[in-house]
Amino acid sequence: MKQKWMILACCFSCAPIMAQSNVQLYGNVDYGYSYRWNAYKGSHVPKSNSKIDGGLSSDNMIGFKGKEELGNNWSTFFVLERSFHLDSGLDGDGFDLGAYVGIQNAYGTLMGGRMLTPYHELLSSIDPFEASSVGTYQNIKKDIAQSAFGEAALFDPDRVNNAVTYVSPEINGFNFTLAYANNAFDADSLSHHSDNNHVWSLGVNYQTEQALMGLTYHQINVGNVLKKEAENPLHQVDNLSVGGFYDFEKIKLSAFYSLDQAKLAHNAQMGGKNKVVQNNFLIGANVPLGKNEIKASVQYSQNNAAQLGNSIQAALGYDYNFSKRTTWFAVYSWIGNDHNRIATTNDTQNESSAYQQALQLGIRHAF
């Protein structure tokens, strides 16, 4: 018996050596209360909506990442991130937030899989709400693409599938990212070459300890994937963004401008135009006060198709940081639409349905 326990002890002591001890488990858990009201006209829904929900200010997710040093300044790494719903305990759709593997040396990083785009990484780092909660910039950024083409991500391409990405090393504060995907819509069942769709994405950043300036360009060549049986058949979508922030320590000021242009296919028209053009402008601020932080933003969205209308969003938030990992948050957001615009107060993991004002209270813990 004594010998058996000694063997078991040896096995446990050797396990970290045999396993990849540099693999890290991490994630977020987020839960709270939201109250939404002021439904847009003609929505035929209750005037208000009260919910206890998860995923208000961050994705509820679990992730795994690992890195191995190969020698001579070479290393390899992987990232797997899976979302889940804290209110029900149900999983998301596989590793839907990120799934990629890469290799790195002094000349940069090359990786492939499903990952965030340079476009989204720039805008979310500028947004005072970091593309989360009902204050996210996405609320009046994605709705036109959803209502016109049935694909919200066309006007805010946050993640892309089947991508290969190169990230340059940083030189005097500058670096660039170049990404390509030849099958972003996962249309593997399509047999003809003309059905293929591909994406190009480029980002150039200059960053110091206090400031960030960035420029990104993202092009989606639709192929025939979104042309077949589509009310508004597409040919190509171009996304351009420029912006940054400066941290004065007592206040961080931020701003961006983005241009989204969807070119229609087969001489199709929408409101007498053969393309839909959207312009978005955001200004924002973060004010740290010890363990407290106040955040605010105002964003305006304008497009050239009169029947789609324009929107403005104003958001105000407050965080109390119990620690580096645990935060209590409160966020209020208001959206004003004109004409037939139907932008609503969505948050990180929950759809708003038809409401243009929202208040959220909750707690977030990172591990």
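User: I'm new to this predicted model. In S7, which residue is the bridge partner of methionine 111?

Analyst: Since the model is predicted, what follows is computed from it. Strand S6 covers residues 108-116 and pairs with S7 in the antiparallel sense, over seven bridges. Within S7, methionine 111 has as its bridge partner threonine 165.

User: And which residue in S8 is the bridge partner of threonine 165?

Analyst: S7 and S8 run antiparallel and are joined by five bridges. The two strands form a hairpin, with six residues between them. On the S8 side, the bridge partner of threonine 165 is alanine 179.

User: Which residue in the turn of that S7 and S8 hairpin has a positive phi?

Analyst: Six residues sit between S7 and S8 in this hairpin. The one in the turn with a positive phi, about 50°, is asparagine 172.

User: How much space lies in the largest cavity?

Analyst: The structure holds one cavity of 30 Å³ or more. Its lining includes Leu116, Thr165, Ala179 and His218. The space in the largest cavity comes to about 50 Å³.

User: Which element gives the most to the lining of the largest cavity?

Analyst: Among the lining residues are Val160, Tyr180, Ala181, Val199 and Ser201. Two or more lining residues come from each of strand S7 (159-167), strand S8 (174-181) and strand S9 (198-207). With three residues, the one that gives the most is S8.

User: By class, how many charged residues does the lining of the largest cavity have?

Analyst: Let's go through the classes. Seven lining residues are nonpolar and four are polar. For charged residues, the number is none: there are no charged residues.

User: How many residues of H2 are buried?

Analyst: The buried residues of H2 include Tyr119, His120, Leu122, Leu123 and Ile126. They pack against S6, S8, S9, strand S10 (211-221), S11 and S12. H2 is mostly covered, and of its nine residues the buried ones number seven.

User: Is alanine 131 buried or exposed?

Analyst: Alanine 131 sits in the loop between helix H2 (118-126) and H3. Its phi is positive, about 55°, although it is not a glycine. Because its relative accessibility is 13%, and the cut-off is under 20%, alanine 131 counts as buried.

User: Why does threonine 344 count as buried?

Analyst: Threonine 344 is in the loop between strand S16 (326-337) and strand S17 (355-366). Leaving out residues up to four places away in sequence, threonine 344 touches Tyr40, Asn139, Ile335, Ser352, Ser353, Ala354 and Tyr355. Threonine 344 counts as buried because its relative accessibility is 7%.

User: What is the relative accessible area of glutamine 24?

Analyst: Glutamine 24 is found in strand S1, residues 24-39. Apart from neighbours within four places in sequence, glutamine 24 is in contact with Gly63, Phe64 and Lys65. Glutamine 24 is partly exposed, with a relative accessible area of 41%.

User: Which residue in S3 is the bridge partner of leucine 25?

Analyst: S1 pairs with strand S3 (residues 61-71) in the antiparallel sense, over five bridges. In S3, the bridge partner of leucine 25 is phenylalanine 64.

User: In the hairpin of S3 and S4, which residue takes a positive phi?

Analyst: S3 and strand S4 (residues 74-83) pair in the antiparallel sense over ten bridges. Glutamate 69 stands opposite serine 75 in S4. The hairpin has two residues between the strands, and the one with a positive phi, near 55°, is asparagine 72.

User: What is the phi of asparagine 38 near?

Analyst: Asparagine 38 lies in strand S1. At 31% relative accessibility, asparagine 38 counts as partly exposed. Its phi is positive in a residue other than glycine, near 65°.

Note on methods
Residues numbered from 1 in each chain as written. Predicted model: local features only at pLDDT ≥ 70, side-chain atom pairs only at ≥ 80, totals over all residues. Heavy atoms only, no water. 1 Å grid on protein atoms, 1.4 Å probe; cavity = no way out; pocket = protein on both sides within 12 Å on 5 of 7 lines; lining within 4 Å. Points joined across faces, edges and corners; volume = space filled by probe spheres on them. Helix = DSSP H or I, 4+ residues; strand = E, 2+ residues; numbered from the N terminus. Nonpolar A, V, L, I, M, F, W, Y, C, P; charged D, E, K, R; others polar. Pairing = 2+ DSSP bridges. Buried < 20%, exposed > 50% of the residue type's maximum accessible area, 1.4 Å probe, protein only. Contact = heavy atoms within 4.5 Å.
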